[in-house]
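Hi,

Here is the structure I said I'd pass along.

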Amino acid sequence: MSHRMMFLRRAALAAALLGVTAVLPPAVARADTALPPGCSGADAAVSARTAPVAPDPEQRRLADPRTAALTGRGGFDAFVRRFPAALCGARDAAEARRLLDTWGESLWRAAVDRAQGRRSGGDLAAGDDRPLYWARLAMTVQLERWTPDFAVDRAALKSRFEDASRGLTANDFRGTPGVRRIFVSGFDPFGLDAELRRANPSGSAALQLNGRRITLADGTKAEFRAVVLPVRYADFDAGIVERAYGPRLASGPRAADMITSISQGYPGLFTLEAWAGRNRSADPYPDNADALSGGTYAHPVTAPGLGPGAEFLRTSLPTDAMTAVQTPYPVRLNTAVSEIPAGQRTPVDRPDGPTAGSRAVAGGGGGYLSNEVAYRSNRLRLELRPALPGGHLHTPVLTGLPADPAQLTGADFERTEREITAQVVAVLRSSGAAR
(Lines give C-alpha, C1' and ligand atoms only; values in the text may rest on other atoms or scores of the structure.)
Protein backbone atom coordinates (compact mmCIF):
# COMPACT_ATOMS: atom_id res chain seq x y z
CA MET A 1 0.00 0.00 0.00
CA SER A 2 2.77 2.45 0.85
CA HIS A 3 4.54 2.06 -2.51
CA ARG A 4 1.19 2.57 -4.21
CA MET A 5 0.79 5.74 -2.15
CA MET A 6 4.09 7.03 -3.53
CA PHE A 7 2.84 6.48 -7.08
CA LEU A 8 -0.54 8.05 -6.35
CA ARG A 9 1.07 11.06 -4.72
CA ARG A 10 3.18 11.86 -7.78
CA ALA A 11 0.42 11.03 -10.26
CA ALA A 12 -2.09 13.26 -8.44
CA LEU A 13 0.33 16.18 -8.33
CA ALA A 14 1.15 15.83 -12.01
CA ALA A 15 -2.51 15.62 -12.98
CA ALA A 16 -3.35 18.70 -10.95
CA LEU A 17 -0.50 20.91 -12.02
CA LEU A 18 0.47 20.09 -15.59
CA GLY A 19 -0.96 22.42 -18.18
CA VAL A 20 -0.10 25.08 -20.72
CA THR A 21 -0.29 28.72 -19.65
CA ALA A 22 -2.79 30.60 -21.74
CA VAL A 23 -1.59 33.28 -24.14
CA LEU A 24 -3.59 36.40 -23.40
CA PRO A 25 -4.55 39.27 -25.73
CA PRO A 26 -2.82 42.62 -25.07
CA ALA A 27 -6.10 44.27 -24.06
CA VAL A 28 -6.41 42.15 -20.95
CA ALA A 29 -3.84 44.13 -18.97
CA ARG A 30 -5.79 47.33 -19.68
CA ALA A 31 -9.26 45.99 -18.87
CA ASP A 32 -11.41 47.50 -16.16
CA THR A 33 -8.92 50.18 -15.15
CA ALA A 34 -11.44 53.01 -14.72
CA LEU A 35 -13.01 53.78 -11.37
CA PRO A 36 -16.79 54.21 -11.17
CA PRO A 37 -18.37 57.56 -12.09
CA GLY A 38 -18.55 59.92 -9.11
CA CYS A 39 -15.47 58.44 -7.47
CA SER A 40 -13.51 61.57 -8.30
CA GLY A 41 -14.33 65.06 -9.48
CA ALA A 42 -13.52 64.70 -13.17
CA ASP A 43 -12.51 62.13 -15.73
CA ALA A 44 -8.96 63.44 -15.64
CA ALA A 45 -8.82 63.02 -11.88
CA VAL A 46 -10.21 59.52 -12.17
CA SER A 47 -7.58 58.65 -14.75
CA ALA A 48 -4.86 60.06 -12.52
CA ARG A 49 -5.91 57.79 -9.69
CA THR A 50 -5.73 54.57 -11.65
CA ALA A 51 -2.79 52.81 -13.23
CA PRO A 52 -2.60 50.14 -15.97
CA VAL A 53 -0.62 47.66 -13.87
CA ALA A 54 0.24 44.44 -15.67
CA PRO A 55 -1.42 41.48 -13.91
CA ASP A 56 0.70 38.74 -12.40
CA PRO A 57 0.45 35.15 -13.69
CA GLU A 58 -2.33 34.29 -11.25
CA GLN A 59 -4.33 37.41 -12.05
CA ARG A 60 -4.00 36.84 -15.80
CA ARG A 61 -6.39 33.91 -15.52
CA LEU A 62 -9.11 36.48 -14.85
CA ALA A 63 -9.09 37.12 -18.62
CA ASP A 64 -11.16 33.96 -18.98
CA PRO A 65 -14.82 35.05 -18.71
CA ARG A 66 -15.64 31.91 -16.73
CA THR A 67 -13.86 33.43 -13.72
CA ALA A 68 -16.30 36.34 -13.62
CA ALA A 69 -19.14 33.87 -14.07
CA LEU A 70 -17.95 31.88 -11.05
CA THR A 71 -17.83 35.09 -9.00
CA GLY A 72 -21.28 36.19 -10.13
CA ARG A 73 -22.89 32.78 -9.79
CA GLY A 74 -21.62 32.70 -6.22
CA GLY A 75 -23.22 36.06 -5.49
CA PHE A 76 -19.92 37.91 -4.95
CA ASP A 77 -19.95 40.19 -8.00
CA ALA A 78 -21.07 43.14 -5.85
CA PHE A 79 -17.82 42.95 -3.88
CA VAL A 80 -15.81 43.26 -7.09
CA ARG A 81 -18.06 45.95 -8.55
CA ARG A 82 -18.06 48.23 -5.48
CA PHE A 83 -14.52 47.82 -4.23
CA PRO A 84 -12.89 50.47 -6.48
CA ALA A 85 -15.22 53.20 -5.22
CA ALA A 86 -14.47 52.20 -1.65
CA LEU A 87 -10.74 52.47 -2.33
CA CYS A 88 -11.24 55.87 -3.90
CA GLY A 89 -12.95 57.07 -0.72
CA ALA A 90 -9.92 56.45 1.52
CA ARG A 91 -8.45 59.78 2.65
CA ASP A 92 -5.13 58.65 4.10
CA ALA A 93 -2.95 55.59 4.66
CA ALA A 94 -4.50 54.73 8.03
CA GLU A 95 -7.98 54.79 6.55
CA ALA A 96 -6.78 52.64 3.66
CA ARG A 97 -5.48 50.02 6.10
CA ARG A 98 -8.80 49.94 7.95
CA LEU A 99 -10.69 49.73 4.67
CA LEU A 100 -8.66 46.72 3.48
CA ASP A 101 -9.24 44.96 6.81
CA THR A 102 -12.98 45.65 6.66
CA TRP A 103 -13.49 44.55 3.07
CA GLY A 104 -11.35 41.46 3.48
CA GLU A 105 -13.14 40.35 6.63
CA SER A 106 -16.51 41.05 5.02
CA LEU A 107 -15.62 38.92 2.01
CA TRP A 108 -14.51 36.08 4.30
CA ARG A 109 -17.69 36.25 6.39
CA ALA A 110 -19.83 36.31 3.25
CA ALA A 111 -18.10 33.17 1.96
CA VAL A 112 -18.51 31.39 5.30
CA ASP A 113 -22.15 32.43 5.57
CA ARG A 114 -22.84 31.22 2.04
CA ALA A 115 -21.13 27.89 2.64
CA GLN A 116 -23.18 27.36 5.79
CA GLY A 117 -26.52 28.40 4.28
CA ARG A 118 -26.89 31.80 5.94
CA ARG A 119 -26.37 33.81 2.75
CA SER A 120 -28.11 33.33 -0.55
CA GLY A 121 -26.92 34.43 -3.94
CA GLY A 122 -26.12 32.81 -7.24
CA ASP A 123 -26.92 29.31 -8.39
CA LEU A 124 -23.69 27.51 -7.51
CA ALA A 125 -23.78 24.98 -4.68
CA ALA A 126 -23.46 26.60 -1.26
CA GLY A 127 -20.22 24.79 -0.47
CA ASP A 128 -18.44 25.84 -3.66
CA ASP A 129 -15.13 27.51 -2.73
CA ARG A 130 -14.42 29.00 -6.16
CA PRO A 131 -16.42 32.27 -5.88
CA LEU A 132 -14.31 33.38 -2.90
CA TYR A 133 -11.08 32.63 -4.75
CA TRP A 134 -11.96 34.47 -7.95
CA ALA A 135 -13.59 37.45 -6.19
CA ARG A 136 -10.52 37.92 -3.99
CA LEU A 137 -8.21 37.73 -6.98
CA ALA A 138 -10.22 40.30 -8.95
CA MET A 139 -10.15 42.64 -5.97
CA THR A 140 -6.37 42.37 -5.70
CA VAL A 141 -6.14 43.58 -9.31
CA GLN A 142 -8.24 46.61 -8.41
CA LEU A 143 -6.06 47.29 -5.38
CA GLU A 144 -2.89 47.20 -7.45
CA ARG A 145 -4.32 49.59 -10.03
CA TRP A 146 -5.39 52.10 -7.41
CA THR A 147 -3.11 55.15 -7.23
CA PRO A 148 -4.17 57.36 -4.31
CA ASP A 149 -2.86 60.89 -3.84
CA PHE A 150 -1.10 59.86 -0.61
CA ALA A 151 1.74 57.42 -0.01
CA VAL A 152 0.82 53.79 0.67
CA ASP A 153 2.71 50.54 1.10
CA ARG A 154 0.83 48.64 -1.59
CA ALA A 155 2.39 45.27 -0.75
CA ALA A 156 1.46 45.67 2.91
CA LEU A 157 -2.10 46.61 1.99
CA LYS A 158 -2.42 43.58 -0.25
CA SER A 159 -1.12 41.35 2.53
CA ARG A 160 -3.68 42.83 4.94
CA PHE A 161 -6.48 42.18 2.48
CA GLU A 162 -5.28 38.65 1.78
CA ASP A 163 -5.04 37.79 5.48
CA ALA A 164 -8.45 39.26 6.27
CA SER A 165 -10.20 37.59 3.34
CA ARG A 166 -8.68 34.20 4.25
CA GLY A 167 -9.87 34.14 7.86
CA LEU A 168 -6.59 35.09 9.53
CA THR A 169 -8.07 38.13 11.29
CA ALA A 170 -11.23 38.75 13.35
CA ASN A 171 -11.72 34.98 13.55
CA ASP A 172 -10.93 33.99 17.13
CA PHE A 173 -12.37 31.12 19.12
CA ARG A 174 -15.11 32.22 21.49
CA GLY A 175 -13.41 30.51 24.41
CA THR A 176 -16.58 28.98 25.85
CA PRO A 177 -15.74 26.87 28.91
CA GLY A 178 -16.06 23.13 28.30
CA VAL A 179 -15.97 23.49 24.51
CA ARG A 180 -12.90 22.13 22.72
CA ARG A 181 -11.27 24.28 20.04
CA ILE A 182 -10.09 22.78 16.73
CA PHE A 183 -8.23 24.88 14.18
CA VAL A 184 -7.95 23.79 10.54
CA SER A 185 -6.62 25.20 7.28
CA GLY A 186 -7.57 24.50 3.69
CA PHE A 187 -6.23 25.69 0.34
CA ASP A 188 -7.27 27.66 -2.73
CA PRO A 189 -8.00 25.82 -5.99
CA PHE A 190 -4.82 25.02 -7.94
CA GLY A 191 -3.68 23.48 -11.21
CA LEU A 192 -5.82 26.06 -12.98
CA ASP A 193 -3.84 26.25 -16.22
CA ALA A 194 -4.82 22.66 -16.88
CA GLU A 195 -8.44 23.11 -15.76
CA LEU A 196 -9.70 26.58 -14.85
CA ARG A 197 -12.91 25.25 -13.30
CA ARG A 198 -11.14 23.34 -10.53
CA ALA A 199 -12.27 23.70 -6.93
CA ASN A 200 -10.52 22.49 -3.78
CA PRO A 201 -12.50 20.43 -1.26
CA SER A 202 -10.12 21.45 1.53
CA GLY A 203 -11.10 25.08 1.00
CA SER A 204 -14.75 24.13 0.88
CA ALA A 205 -14.39 22.16 4.12
CA ALA A 206 -12.70 25.13 5.81
CA LEU A 207 -15.58 27.44 4.85
CA GLN A 208 -18.18 24.94 6.03
CA LEU A 209 -16.40 24.36 9.36
CA ASN A 210 -15.47 27.89 10.36
CA GLY A 211 -17.31 28.96 13.52
CA ARG A 212 -19.42 25.80 13.75
CA ARG A 213 -19.91 23.91 16.98
CA ILE A 214 -19.98 20.13 16.49
CA THR A 215 -20.49 17.22 18.87
CA LEU A 216 -17.46 14.93 18.78
CA ALA A 217 -17.53 11.15 18.96
CA ASP A 218 -16.99 11.18 22.73
CA GLY A 219 -19.96 13.50 23.28
CA THR A 220 -17.96 16.66 23.92
CA LYS A 221 -18.59 19.86 22.01
CA ALA A 222 -15.96 21.42 19.75
CA GLU A 223 -15.79 24.81 18.06
CA PHE A 224 -13.97 25.00 14.72
CA ARG A 225 -12.07 27.91 13.27
CA ALA A 226 -10.52 27.79 9.82
CA VAL A 227 -8.46 29.63 7.25
CA VAL A 228 -7.94 29.13 3.51
CA LEU A 229 -4.31 29.44 2.44
CA PRO A 230 -2.89 30.46 -0.96
CA VAL A 231 -1.07 28.02 -3.23
CA ARG A 232 1.94 30.33 -3.57
CA TYR A 233 5.48 29.77 -2.39
CA ALA A 234 6.05 33.49 -1.84
CA ASP A 235 3.27 33.70 0.75
CA PHE A 236 4.73 30.74 2.62
CA ASP A 237 8.15 32.41 2.52
CA ALA A 238 6.53 35.54 3.98
CA GLY A 239 5.17 33.56 6.94
CA ILE A 240 1.47 33.20 6.22
CA VAL A 241 1.33 29.76 7.87
CA GLU A 242 2.95 31.11 11.02
CA ARG A 243 0.59 34.12 11.01
CA ALA A 244 -2.37 31.76 10.69
CA TYR A 245 -1.36 29.17 13.27
CA GLY A 246 0.70 31.22 15.72
CA PRO A 247 -2.17 33.02 17.48
CA ARG A 248 -4.06 29.73 17.82
CA LEU A 249 -1.05 28.06 19.46
CA ALA A 250 -0.53 30.72 22.12
CA SER A 251 -1.61 29.73 25.61
CA GLY A 252 -4.95 30.89 26.94
CA PRO A 253 -8.71 30.23 26.84
CA ARG A 254 -8.91 31.03 23.11
CA ALA A 255 -6.06 28.76 22.03
CA ALA A 256 -6.62 25.64 19.95
CA ASP A 257 -6.84 22.18 21.51
CA MET A 258 -6.01 20.51 18.18
CA ILE A 259 -4.70 21.67 14.78
CA THR A 260 -5.10 20.00 11.41
CA SER A 261 -4.01 21.24 8.01
CA ILE A 262 -6.10 19.88 5.13
CA SER A 263 -5.40 19.69 1.42
CA GLN A 264 -6.52 17.81 -1.68
CA GLY A 265 -4.48 14.66 -2.17
CA TYR A 266 -5.02 11.29 -3.81
CA PRO A 267 -7.73 9.85 -6.05
CA GLY A 268 -10.43 7.97 -4.22
CA LEU A 269 -9.22 8.01 -0.61
CA PHE A 270 -8.39 10.09 2.44
CA THR A 271 -4.95 9.89 4.01
CA LEU A 272 -3.70 11.02 7.39
CA GLU A 273 -0.04 11.80 6.83
CA ALA A 274 2.20 10.24 9.46
CA TRP A 275 5.20 12.39 8.48
CA ALA A 276 5.80 15.92 7.21
CA GLY A 277 9.14 16.61 5.51
CA ARG A 278 11.15 19.79 5.91
CA ASN A 279 12.03 20.38 2.26
CA ARG A 280 10.53 21.33 -1.08
CA SER A 281 10.93 18.91 -3.97
CA ALA A 282 7.93 19.37 -6.28
CA ASP A 283 9.56 21.06 -9.29
CA PRO A 284 8.84 21.15 -12.23
CA TYR A 285 5.28 21.70 -10.99
CA PRO A 286 4.58 25.42 -10.35
CA ASP A 287 2.39 27.14 -7.80
CA ASN A 288 -0.60 29.33 -8.70
CA ALA A 289 1.74 32.23 -9.53
CA ASP A 290 3.69 29.97 -11.92
CA ALA A 291 6.63 30.06 -9.51
CA LEU A 292 8.89 27.10 -8.82
CA SER A 293 10.40 26.22 -5.48
CA GLY A 294 13.87 25.41 -6.76
CA GLY A 295 13.68 21.95 -5.23
CA THR A 296 13.40 18.64 -7.08
CA TYR A 297 13.17 15.01 -6.03
CA ALA A 298 16.90 14.62 -6.66
CA HIS A 299 17.83 17.98 -5.07
CA PRO A 300 15.38 19.10 -2.35
CA VAL A 301 15.69 22.59 -0.88
CA THR A 302 14.66 24.14 2.42
CA ALA A 303 12.26 27.09 2.29
CA PRO A 304 13.88 30.49 2.86
CA GLY A 305 13.70 31.64 6.48
CA LEU A 306 12.18 28.44 7.82
CA GLY A 307 12.90 28.14 11.53
CA PRO A 308 14.95 25.32 13.05
CA GLY A 309 13.48 21.84 13.15
CA ALA A 310 13.96 18.17 12.40
CA GLU A 311 14.04 16.81 8.86
CA PHE A 312 10.77 14.96 9.51
CA LEU A 313 7.98 15.66 12.00
CA ARG A 314 5.53 12.95 13.04
CA THR A 315 1.82 13.55 13.41
CA SER A 316 0.38 13.62 16.92
CA LEU A 317 -3.24 13.33 15.79
CA PRO A 318 -5.31 10.41 17.16
CA THR A 319 -4.88 8.49 13.92
CA ASP A 320 -6.45 5.22 15.11
CA ALA A 321 -9.71 6.97 15.92
CA MET A 322 -9.67 9.15 12.81
CA THR A 323 -9.04 6.26 10.42
CA ALA A 324 -12.06 4.42 11.79
CA VAL A 325 -14.25 6.43 9.37
CA GLN A 326 -14.29 4.41 6.14
CA THR A 327 -17.28 5.58 4.11
CA PRO A 328 -17.88 6.72 1.49
CA TYR A 329 -14.09 6.87 1.02
CA PRO A 330 -11.44 4.76 2.77
CA VAL A 331 -9.22 6.63 5.25
CA ARG A 332 -5.62 5.42 5.52
CA LEU A 333 -2.63 6.30 7.67
CA ASN A 334 0.15 7.01 5.19
CA THR A 335 3.58 6.25 6.65
CA ALA A 336 5.55 6.62 3.40
CA VAL A 337 8.29 9.25 2.93
CA SER A 338 11.12 10.00 0.52
CA GLU A 339 14.56 10.65 1.94
CA ILE A 340 18.25 10.84 1.20
CA PRO A 341 19.74 8.37 3.69
CA ALA A 342 22.58 9.49 5.94
CA GLY A 343 25.89 9.43 4.07
CA GLN A 344 24.24 9.01 0.67
CA ARG A 345 23.25 11.30 -2.21
CA THR A 346 20.47 9.41 -3.94
CA PRO A 347 16.83 9.69 -2.78
CA VAL A 348 14.92 6.56 -1.82
CA ASP A 349 11.27 5.94 -0.99
CA ARG A 350 10.55 4.47 2.43
CA PRO A 351 7.15 2.84 3.05
CA ASP A 352 7.47 2.94 6.85
CA GLY A 353 8.89 6.36 7.67
CA PRO A 354 12.34 7.96 7.70
CA THR A 355 15.60 6.47 8.90
CA ALA A 356 17.94 8.13 11.40
CA GLY A 357 20.05 10.98 10.08
CA SER A 358 18.39 11.18 6.68
CA ARG A 359 17.58 14.36 4.74
CA ALA A 360 13.95 14.94 3.87
CA VAL A 361 12.91 14.81 0.23
CA ALA A 362 9.15 14.49 0.72
CA GLY A 363 6.75 13.73 3.51
CA GLY A 364 3.62 11.68 3.05
CA GLY A 365 2.08 14.74 1.44
CA GLY A 366 4.86 15.04 -1.13
CA GLY A 367 7.28 17.95 -1.50
CA TYR A 368 4.70 20.62 -2.35
CA LEU A 369 2.84 23.17 -0.22
CA SER A 370 0.45 20.64 1.34
CA ASN A 371 3.45 18.96 2.92
CA GLU A 372 4.96 22.33 3.83
CA VAL A 373 1.89 23.60 5.67
CA ALA A 374 1.96 20.40 7.74
CA TYR A 375 5.65 20.87 8.50
CA ARG A 376 5.43 24.59 9.29
CA SER A 377 2.34 24.33 11.49
CA ASN A 378 3.68 21.36 13.42
CA ARG A 379 7.16 22.84 13.78
CA LEU A 380 5.45 25.82 15.42
CA ARG A 381 3.26 23.51 17.50
CA LEU A 382 6.31 21.69 18.85
CA GLU A 383 7.87 25.03 19.73
CA LEU A 384 4.82 26.51 21.46
CA ARG A 385 2.48 23.67 22.49
CA PRO A 386 4.31 20.33 22.11
CA ALA A 387 1.56 18.27 23.79
CA LEU A 388 -1.10 19.49 21.37
CA PRO A 389 -2.44 17.03 18.75
CA GLY A 390 -1.55 18.14 15.23
CA GLY A 391 -1.09 16.77 11.74
CA HIS A 392 -2.34 16.77 8.17
CA LEU A 393 -5.35 15.29 6.36
CA HIS A 394 -5.46 14.76 2.60
CA THR A 395 -8.86 14.58 0.94
CA PRO A 396 -9.69 12.65 -2.23
CA VAL A 397 -9.34 14.50 -5.53
CA LEU A 398 -12.54 16.35 -6.38
CA THR A 399 -13.88 14.98 -9.66
CA GLY A 400 -17.11 15.23 -11.65
CA LEU A 401 -16.77 18.42 -13.70
CA PRO A 402 -18.86 18.24 -16.88
CA ALA A 403 -17.03 17.40 -20.11
CA ASP A 404 -18.24 20.65 -21.67
CA PRO A 405 -15.72 23.31 -20.52
CA ALA A 406 -18.44 25.95 -20.62
CA GLN A 407 -20.36 24.13 -17.88
CA LEU A 408 -19.05 25.40 -14.53
CA THR A 409 -20.76 22.83 -12.35
CA GLY A 410 -22.77 19.65 -12.52
CA ALA A 411 -24.61 17.11 -10.42
CA ASP A 412 -21.65 14.71 -10.12
CA PHE A 413 -19.25 17.50 -9.20
CA GLU A 414 -21.55 18.89 -6.51
CA ARG A 415 -22.33 15.45 -5.10
CA THR A 416 -18.64 14.55 -4.87
CA GLU A 417 -17.83 17.84 -3.15
CA ARG A 418 -20.63 17.26 -0.61
CA GLU A 419 -19.41 13.72 0.07
CA ILE A 420 -15.81 14.78 0.61
CA THR A 421 -16.55 17.74 2.84
CA ALA A 422 -19.06 15.74 4.89
CA GLN A 423 -16.44 13.05 5.44
CA VAL A 424 -13.87 15.67 6.49
CA VAL A 425 -16.30 16.62 9.25
CA ALA A 426 -16.81 12.95 10.16
CA VAL A 427 -13.07 12.29 10.37
CA LEU A 428 -12.51 15.33 12.56
CA ARG A 429 -15.52 14.43 14.71
CA SER A 430 -13.97 11.04 15.36
CA SER A 431 -10.86 12.70 16.84
CA GLY A 432 -12.80 13.13 20.08
CA ALA A 433 -12.92 9.38 20.64
CA ALA A 434 -9.25 9.28 21.62
CA ARG A 435 -9.33 11.70 24.58
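Before the strands, one term: two strands count as paired if DSSP finds at least two bridges between them. Keep in mind too that this is a predicted model.

With that in hand, take strand E11 (residues 337–340). On one side, E11 pairs with strand E12 (residues 348–350) in the antiparallel sense over three bridges, and Ser 338 stands opposite Asp 349 in E12. E11 is also joined by three bridges to strand E13 (residues 359–362), again running antiparallel; there, Ile 340 sits opposite Arg 359. In a regular strand, side chains alternate between the two faces of the sheet. Here Val 337 and Glu 339 point one way from E11, Ser 338 and Ile 340 the other, and all are buried.

Next, Trp 146. You'll find Trp 146 in the loop between helix H7 (130–145) and helix H8 (154–165). Its relative accessible area is 1%, so Trp 146 counts as buried, the cut-off being under 20%. A polar atom of its side chain lies 3.5 Å from the backbone oxygen of Leu 87. The C-alpha atoms of Trp 146 and Cys 88 are 7.8 Å apart, though 58 residues separate the two along the chain.

Cheers

How values were computed:
Residues are numbered from 1 along each chain as its sequence is written. This is a predicted model: local features need pLDDT of at least 70, side-chain atom pairs count only at pLDDT 80 or more; totals for chains, interfaces and linings use all residues. Side-chain values use heavy atoms; hydrogens and water are left out. Helices (H or I, at least four residues) and strands (E, at least two) are DSSP runs, numbered from the N terminus. Buried means under 20% relative accessible area, exposed over 50%, partly exposed in between (1.4 Å probe, protein chains only). A polar contact is a pair of N or O atoms within 3.5 Å; within protein, one must be able to donate a hydrogen and the other to accept it, and residues adjacent in sequence count only if both atoms are side-chain atoms.
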